[in-house]
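Hi,

Here is the structure I said I would pass on.

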Amino acid sequence: SCTLRDSDGIILKQMLNHLLKILQNKDVNGFFAFPVTDSIAPGYSSIIHHPMDFSTMAVKIEACEYFTVMDFKKDFILMCNNAMTYNRPDTIYYKEAKRLLHIGIRQLSKEKLLHLKKTQS
Ligand SMILES: COc1ccc(OC)c(-c2cc(C(C)=O)n3cccnc23)c1
């Protein structure tokens with residue numbers, strides 16, 4: 001469990017796991033479920049220097065590496081931007097990343113998070 005034993009640490013963990021599940025459910029093809037390898041995407045590791053994917057985010061939640069929802073949101077945006085950097089706009093990966101990004105920005109908006117905080121507390 002978290003190094004932060006206070007109740008906030010647990011509540012944040014519950015909230016981030018809830019948000020991860022909502023966002024990951026939108027990735028119907030699983031393109032963002034695991035790290036992109038150079039074998040499926042030639043030259044990926046020399047183009048993308050800060051890779052990110054949902055499985056890595058799940059590990060970071062468990063290891064208490066996110067202190068705020070904004071830290072979590074930054075990794076989500078990084079993941080989508082990586083896909084929109086490496087892939088051309090006419091590819092399914094670029095299009096899926098753009099769609100996921102818009103859904104995520106809405107789900108992680110201040111209003112939504114305030115509502116979630118109210119329902120969680
Ligand atoms: C076609 O099946 C899969 C399965 C898993 C993938 O990433 C985990 C991907 C994949 C995911 C990506 C991304 C996210 O850029 N990608 C880019 C080029 C070629 N493949 C991918 C594709």
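Below is what I found, going from the whole chain down to single residues.

Keep in mind that this is a predicted model.

**Overall**

Of the 121 residues, 38% count as buried. As for how the chain contacts itself, take the contacts with a separation of 6 or more: 65% of them are between residues 24 or more positions apart.

**Helix 3 against helix 4**

This is the pair I looked at in detail. Two packed helices are described by the angle between their axes and the distance between the axes. Here, helix 3 covers residues 54-62 and helix 4 covers residues 69-86; their axes come within 10 Å and cross at roughly 165°. That angle is over 145°, which means helix 3 is roughly antiparallel to helix 4. The crossing of the two is right-handed.

Which residues make the contact? From helix 3 they are Phe-54, Met-57, Lys-60 and Ile-61, and from helix 4 they are Phe-72, Asp-75, Phe-76 and Met-79. Sorted by class, that gives six nonpolar residues, two charged ones and no polar ones.

**Asn-82**

Further along helix 4 you will find Asn-82. Is its side buried or exposed? Asn-82 has a relative accessible area of 8%, and it counts as buried because that is under the 20% cut-off. Leaving aside residues up to four places away in sequence, Asn-82 touches Tyr-44, Ile-48, His-50, Pro-51 and Met-52.

**Cys-64**

The loop between helix 3 and helix 4 holds Cys-64. Its relative accessibility is 9%, so Cys-64 counts as buried too. The backbone is the part to check in your viewer. Most residues other than glycine have a negative phi. Cys-64, however, has a phi near 60°, a positive value in a residue other than glycine.

That is what I have for now.

Cheers

Conventions: Residues numbered from 1 in each chain as written. Predicted model: local features only at pLDDT ≥ 70, side-chain atom pairs only at ≥ 80, totals over all residues. Heavy atoms only, no water. Axes fitted to C-alpha atoms, helices over the stretch in contact; angles between N-to-C directions. Helix = DSSP H or I, 4+ residues; strand = E, 2+ residues; numbered from the N terminus. Parallel < 35°, antiparallel > 145°, perpendicular 65-115°, else oblique. Left-handed = near helix turned anticlockwise from the far one by under 90°. Contact = heavy atoms within 4.5 Å. Nonpolar A, V, L, I, M, F, W, Y, C, P; charged D, E, K, R; others polar. Buried < 20%, exposed > 50% of the residue type's maximum accessible area, 1.4 Å probe, protein only.
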